[in-house]
Amino acid sequence: MGMKTKIALGAVVGIAVIGALSANSGDGDGDARSDSRTSANSGEKADGAKSDGGAKSDGASDAKPAEDKAVEKASQAEQFKAFVQKNGTPKEKDAVSHVTKVQGADEQNDILDAADVYTDFTGGIMGEGTGPAKLIASSFADWKDSENGLVTIYDADGELLGNGQF
């Protein structure tokens, strides 16, 4: 075998090994993840009762977990809009009012985070949404923080409007 053939064969084997390792390095199969979402917390029984034995009648402590659950159940777009309504400038609020969907903002690993924001703007990169897309990307960076994140803004037809780091 020639030297070039050995190098090519080594590269193919190396890529195959890397692919196999990355395929097997996940968090487990999908069933294990869904079980962890539906299982009771260590402080709760399966029927939702607290396992600490004492019944708490403090209304304030019951209201806060209900608020947290409501925020968790809200879609990513609703959470993003709520953040901007609370913390954004009037121009940012106007731009974010056009957001219809946000994907990829919930799970981050600080290695390569990518989020997609969909809007109701039309016309692609030459349309009316290019300017507001920069405001949306900036607002997203205020909302989420990552070591290496990229947010991409799309119009109603799925065409690119802009992007930014977060």
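1. Helix 4 has 12 residues, which at 1.5 Å a residue should span 16 Å. The end C-alpha atoms of helix 4 are 16 Å apart, so the two values agree. The expected span is 1.5 Å times one less than the number of residues. Helices here are DSSP runs of H or I with at least four residues, strands are runs of E with at least two, and both are numbered from the N terminus.

2. A word on the source. This is a predicted model, in which local features need pLDDT of at least 70 and side-chain atom pairs count only at pLDDT 80 or more, while totals for chains, interfaces and linings use all residues. Residues are numbered from 1 along each chain as its sequence is written, and side-chain values use heavy atoms, with hydrogens and water left out.

3. The protein has 6 helices and 4 strands. Along the sequence they follow the pattern α-α-α-α-α-β-β-α-β-β. Of the 166 residues, 21% count as buried. Buried means under 20% relative accessible area, exposed over 50%, and partly exposed in between, with a 1.4 Å probe and protein chains only.

4. Which residues of helix 4 are buried? They are Gln76, Ala77, Phe80 and Val84. Seen down the axis of helix 4, they fall within an arc of 100°, so they line one face of the helix. The arc is taken from the directions from the helix axis to the C-beta atoms. Their cover includes helix 5 (90-96), strand 1 (99-103) and helix 6.

5. Helix 4 (residues 76-87) meets helix 6 (residues 130-143): their axes come within 10 Å and cross at roughly 90°. That makes helix 4 roughly perpendicular to helix 6. Angles of 65 to 115 degrees count as roughly perpendicular. Axes are lines fitted to C-alpha atoms over the stretch in contact, with angles from 0 to 180 degrees between N-to-C directions.

6. On the helix 4 side, Gln76, Gln79, Phe80, Phe83 and Val84 make the contact. Helix 6 contributes Ile136, Ser139, Phe140, Asp142 and Trp143. Contact means heavy atoms within 4.5 Å. By class, the contact has 6 nonpolar, 3 polar and 1 charged residues. Ala, Val, Leu, Ile, Met, Phe, Trp, Tyr, Cys and Pro count as nonpolar, Asp, Glu, Lys and Arg as charged, and the others as polar.

7. Val102 is found in strand 1. Val102 is buried, with a relative accessible area of 7%. Leaving out residues up to four places away in sequence, Val102 touches Gln76, Ala77, Phe80, Asp116, Val117, Phe140 and Trp143.

How values were computed: Angles under 35 degrees count as roughly parallel, over 145 as roughly antiparallel, 65 to 115 as roughly perpendicular and the rest as oblique.
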